[in-house]
Amino acid sequence: MNNIIENALGLSAIGIYLHAISIALVIAGSSIALLFEVLSILRKDDSYHELAYIIMKFSIIAFAFGAVSGTIVEFGLVQVWSGFLMIIGTYGLFPFYIELLAFMIEAGLIALLIYGWNRFKNRLVHIALISAIAFGSNLSGALIMLVNSWMNVPWGTGELVKLIYPWAPTYGPDYTNEALLLKIKEILISEGRPLTEILSGEVFNRLVSEYGPLLEYPWAAFESVYAWVSVGHQLVATIITGGSWYALLMTVRYLRGEKKILQPLQDLLLFLAVLMIVQGVFGHDMGVQVIKYQPTKFAMMAGLKESGPDPIVGLTTFGDPNYVFPGFDYFIEVTKNSSSHLNSSIDFREIALRDLYKALEYLPLVFSLYSLKITLAVLAGLVSLIFMYTWLRPSLWIERKRLMSYLVIFFSLAVTTVSSLGWAVRELGRKPWTVYGLFYPEELISLVELNPVTIAVIIGGLILSLSIMVITIYLVLWRRSRWV
Amino acid sequence: MGIEFFIWITAIPLLIHLIFVHINLGTSVSSFIAKYVFGDVSLARKLATVMVSGEFVSGTLGTVLTVILAGIWTPLMNVAANILYIPLLIALIGIVLRLPSIGGYWYTLDRGGSLNFLFGISMILGGFLIPFGFRYIFAFINYPMGLKTLNPLEGDIFEALMNPLFPPLYVLTLGSVLMVGFAVSIPIIKRSGYWGALGRSFLLYALLATLLFLIGNIWFIDLLSKFSGFLFSNMLSPTNPSFYTFLIMWISMVMLLGMIVIELKGILRVNNLFYFIVPIIAMLSMEFSYGYSRFPYFVVTGNSGIDAATFLNVSIAVGFSEVGGVFLALMSMVVVSIVGVYYLIVRKYFEE
């Protein structure tokens, strides 16, 4: 069973990473195209307008292939983790439902933009359309992040998690039917079966008619501060990462002799550098939220097997470098000394202790990944300061052309790695749970065992669609095919 | 909130989705034939434009449907994800093959070579694998073969593949896809100034596809009478609305056959609009009849069934205005997409 879970988790991780490539191109593409379209008016320079069109084409191709990889990931999710359907059907329903609206805004307006690019003479119409597409793509990303954030911080479950894990915080108002969720949890633990077995029809319906609906307020996921900070942090990271890829392509064009691309390239790099500063603020806020709502994850990130200070975080968060953060020793002690308030035949204290030891196993990995991430982020931040300087002193790009190109390459590689590591820390840090403090991966897995055919279809499909996306972008944009 | 509301907010996007799925699957075959049977690349490109645009709308609506099914009909999706694991995987293979192949086919269309042929075959094969997977769901809800118990969920994923209703349903689907695809291609061929042997051939293809649709219907109805008595008797009962849509299906099918024969015989030229409207009405009324006649059940088990409410997500306390509001906004965007696509096809590619 453990192998199946590990494989399924690995498969989901690969799927999400591959899908993320097209997401970054779409979200960053529409945002950068908007920037260039605005600059084309401010600077009265048509080359920005032409560049905005090329970037929108990138974005549209990536959107089309993102829809393919998204479908594969979506089906993979439902087929491999069918217990996840309960999350889609409750806390995730409205975020996903409104995400559809965002997706439709993107899809509908993209068609209109292709039709109208050469017909709409007024640049303000272009700006309005690209703004709406950028809004749609960012909103779409934001709403998916809301669901992922709920899995990290199950907002609206009140003190439920605290009842099982005494070190846990309160997760917002109590919108959840505590008795029903505990009953489901009891069934899952005592019978050792996945959620999907009891989710179909009568058993679940009988439980609901006995205990009432599971969720009283379907907008619960929208009220979480943790979620909105995650949204900001993730969207800025996505724009920086995708934007750095566009900057890399523009640098190649510049090195190949397209002199007129230099000014837009510098503007883009300045934009990314400003976003790096904004990301510093979001990163700090994200850290504060993790300390507050995911104590075990923070202990993993800071390497706190034993409670102790983390001078930088202590100083920036509490103004005290000697502030002592709770480590796993504290969580274990609190759990051992607690007395369960739950009226259940199951020994939840034993389960809570077992989970802590499982989480502790992830500490070395999460700590290493997080340390590497922060180091690279700091280096990328320093490079972005150079980009700011070169915007003020553009001649450096002419005098030190090669050096500047290497810096763009480094920046792009660094921010891409930082984003990938950040996502890994986010996902591994909530282990051993899939929904923090509530559900384990083995409770959400499908009845049908993961098999090589499924793995081959999902991974093969993603690699195929991604490869064709890259080839299409190359053929259509690099070689300027007449058909797009 | 009544169960009917949830059924309608699923049915409306499903029916729109089906219209565009039929158009894009069918025109992909037409485009391939135009190039490889008649060697007409320009016509193949025009038909491929219709296909790509149709794919765009049907793809986005497919995503809408997946979320509606997962969020509103959660228990049903849970059954399908587990018991119909293999068909869903087949559909996924179809999507994986189909969508990238469309890009490849489009790009290599005027460059010739065996690569375009391979992309075309993969595009068509992938396209028809998608309904091959999804039609198992429809066969399953008419006759839940493979399901042992719902309580707790248990089933046999291999037995589910043996559903006797699947073969006629798939033949019916092939017929309706080709019928719509060829019929919709005819006005495009006419408007493009092509006629003669090519036009007559497409009329003949449309005729054969309509006959396949007819045979599929008869075969399916015959098996419904044996395996899904409730659905069968509802469809033939004048007190049930599906009886009338069923009648409309037969009328439009006969009308389409008549139109094609009249045009083939050269008696008169049929207005282009009819080639769009009549096959789509036949397809929609077929889908509506087979879908609506299972109400109030969602899964029919012979002469009885499992109530639709069993498969409704009841774990959330949700208001009509909330679900309805988002749904209306969604459908508005669907209209914007369709209008955008219409302008793309008709204005950008056909009138310039």
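Which residues of α1(B) meet which residues of α5(B)? Here is a walk through that and a few other spots.

1. Before anything else, this is a predicted model, where local features need pLDDT of at least 70, side-chain atom pairs count only at pLDDT 80 or more, and totals for chains, interfaces and linings use all residues. Residues are numbered from 1 along each chain as its sequence is written, while chains are lettered from A and ligands numbered from 1 in the order in which they are written.

2. Back to the opening question. On the α1(B) side you'll find Leu25(B), Ser28(B), Val29(B), Phe32(B) and Tyr36(B), and they meet Phe117(B), Gly120(B), Met123(B), Ile124(B) and Gly127(B) of α5(B). Contact here means that the C-beta atoms of two residues, placed from the backbone, lie within 7 Å. By class, this contact has 7 nonpolar, 3 polar and no charged residues. (Ala, Val, Leu, Ile, Met, Phe, Trp, Tyr, Cys and Pro count as nonpolar, Asp, Glu, Lys and Arg as charged, and the others, Gly among them, as polar.)

3. How do those two helices sit? Helix α1 (residues 3-36) and helix α5 (residues 113-142) of chain B pack at an angle of about 155 degrees, and their axes are 10 Å apart. That makes α1(B) roughly antiparallel to α5(B). (Angles under 35 degrees count as roughly parallel, over 145 as roughly antiparallel, 65 to 115 as roughly perpendicular and the rest as oblique.) Axes are lines fitted to C-alpha atoms, for helices over the stretch in contact, and angles run from 0 to 180 degrees between N-to-C directions. Helices (H or I, at least four residues) and strands (E, at least two) are DSSP runs, numbered from the N terminus. The crossing of α1(B) past α5(B) is left-handed, meaning that the near helix is turned anticlockwise from the far one by less than a right angle; clockwise would be right-handed.

4. Helix α5(B) has another partner, helix α6 (residues 166-191) of chain B: their axes come within 9 Å and cross at roughly 125 degrees. That makes α5(B) oblique to α6(B), and the crossing is right-handed. From α5(B), the contact uses Pro131(B), Phe132(B), Arg135(B), Tyr136(B), Phe138(B) and Ala139(B), and from α6(B) it uses Phe166(B), Leu169(B), Tyr170(B) and Thr173(B). These residues divide into 8 nonpolar, 1 polar and 1 charged.

5. Over in chain A, look at helix α10 (residues 225-255) with α17(A): the axes come within 9 Å and cross at roughly 155 degrees. So α10(A) is roughly antiparallel to α17(A), and passes α17(A) in a left-handed crossing. Among the residues that meet are Ile240(A), Ser244(A) and Ala247(A) in α10(A), and Val408(A), Phe411(A) and Ser412(A) in α17(A). By class, the contact divides into 10 nonpolar, 8 polar and no charged residues.

6. Some of those names come back in the contacts of Leu272(A), which touches Ile240(A), Gly243(A), Ser244(A), Ala247(A), Ser384(A) and Phe387(A), not counting residues up to four places away in sequence. Leu272(A) also stands out in the largest nonpolar core: of its 279 residues, Leu100(A), Leu272(A), Leu92(B) and Ala206(B) touch the most other members. Helix α2 (residues 46-80) of chain A gives the largest share of this core, 19 residues. (A nonpolar core is a set of buried Ala, Val, Leu, Ile, Met, Phe, Trp, Tyr and Cys residues joined through C-beta atoms within 7 Å.)

7. Where the chains meet, 59 residues come from chain A and 55 residues from chain B. The largest share of the chain A side, 15 residues, comes from α4(A). By class, that side has 39 nonpolar, 16 polar and 4 charged residues.

8. A cis peptide bond joins Lys431(A) and Pro432(A), with omega about 15 degrees; Pro432(A) is in the loop between α17 (401-428) and α18 (441-444) of chain A. In chain B, the peptide bond from Phe295(B) to Pro296(B) is cis, with omega near 15 degrees, and Pro296(B) lies in the loop between α10 (272-292) and β3 (297-301).

9. Lys44(A) has a positive phi of about 50 degrees although it is not a glycine. Its place is the loop between α1 (2-42) and α2 of chain A. With 8 C-beta neighbours inside 10 Å, Lys44(A) counts as exposed. (A residue is buried if 20 or more other C-beta atoms lie within 10 Å of its own, exposed if 12 or fewer, and partly exposed in between; C-beta atoms are placed from the backbone.)
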